[in-house]
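Please read these notes with the model open. They go point by point.

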Amino acid sequence: MYSPAPALLPVFRSDAQARILAALLLDPSRELSIADLAGLAGIRPPNALREVNRLIGAGLLKDRRVGRARLVSADVSSPYHQPLVAILARSFGPVLVIRDELAAVAGIDKALIFGSWAARFLGHGGPQPRDVDVLVVGEPPGRELRRANARMEDALHIPVQITNIGAAEWVAADSEFLRDVQAKPSITLDLTGRSDRQ
């Protein structure tokens, strides 16, 4: 299956390649199988294998065998590792960073990324986003949410705008803002560690 260049940052060969790199370079302790990487990239395992082999050949990733499994991770010794981490953190990192930060905050029922950043990430054209819009549904402690927000911005080097609403307000959707958020592209973050595209 052909994977076009990502609308968010079209310098990568394909969207799948960028997602594989983001999954591994943004967490250098992470090791994933080809099947796991295929799921994250939204492609079939044979296509993920080809992408991984290219990236290993370029010295950006490394692999090891554990029984029959082939585990892939970032090659942190590559001279390109740190520059790519900086690029990926800003362009593809918000899903990972925001999900992980919000997963540690109590009282959140639902969280999603919306607006221009979500639209670019999901492949919709348009200008590069200048910030990331996040909607948090629930009643998290305000201080914890502000601290998580500050950590997100430090990690991503891009402003993160969080709007917090109650669960009843989300269900009622009686404001133009909420109807707009619910109608447009968004990324719902599963705070157990998986993101679902809409």
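1. Lining of the second largest pocket. The lining residues divide into six nonpolar, one polar and four charged. Here Ala, Val, Leu, Ile, Met, Phe, Trp, Tyr, Cys and Pro count as nonpolar, Asp, Glu, Lys and Arg as charged, and the others, Gly among them, as polar. The lining residues are Ala23, Leu26, Asp27, Arg30, Ala89, Gly93, Leu96, Val97, Arg99, Asp100 and Ala155. A pocket is an open set of points on a 1 Å grid over the protein atoms alone, where a 1.4 Å probe fits, with protein on both sides within 12 Å along at least five of seven lines; lining residues have an atom within 4 Å of a point.

2. Basis. This is a predicted model: local features need pLDDT of at least 70, side-chain atom pairs count only at pLDDT 80 or more, and totals for chains, interfaces and linings use all residues. Numbering starts from 1 along each chain as its sequence is written, and side-chain values use heavy atoms, with hydrogens and water left out.

3. Pocket volume and main contributor. The second largest pocket holds about 160 Å³ of space. That volume is the space filled by probe spheres set on the grid points, which are joined across faces, edges and corners. Helix α5 gives the largest share of the lining, five residues.

4. Helix α5. It spans residues 93–103, and eight of its 11 residues are buried, so the helix is largely enclosed by the rest of the structure. The buried residues are Gly93, Pro94, Val95, Leu96, Ile98, Arg99, Glu101 and Leu102. Buried means under 20% relative accessible area, exposed over 50%, partly exposed in between (1.4 Å probe, protein chains only). Helices (H or I, at least four residues) and strands (E, at least two) are DSSP runs, numbered from the N terminus.

5. Leu112. This residue sits in strand β4 (residues 108–114). Leu112 and Val181 are 69 residues apart in sequence, with 9.6 Å from C-alpha to C-alpha.

6. Positive phi. Most residues other than glycine have a negative phi. Please check two residues. His157 has a positive phi of about 60°. It lies in the loop between α7 (142–156) and β6 (160–165), and is exposed at 58% relative accessible area. Ala173 has a phi near 45°. It belongs to the loop between α8 (167–172) and α9 (176–183), and is buried at 11%.
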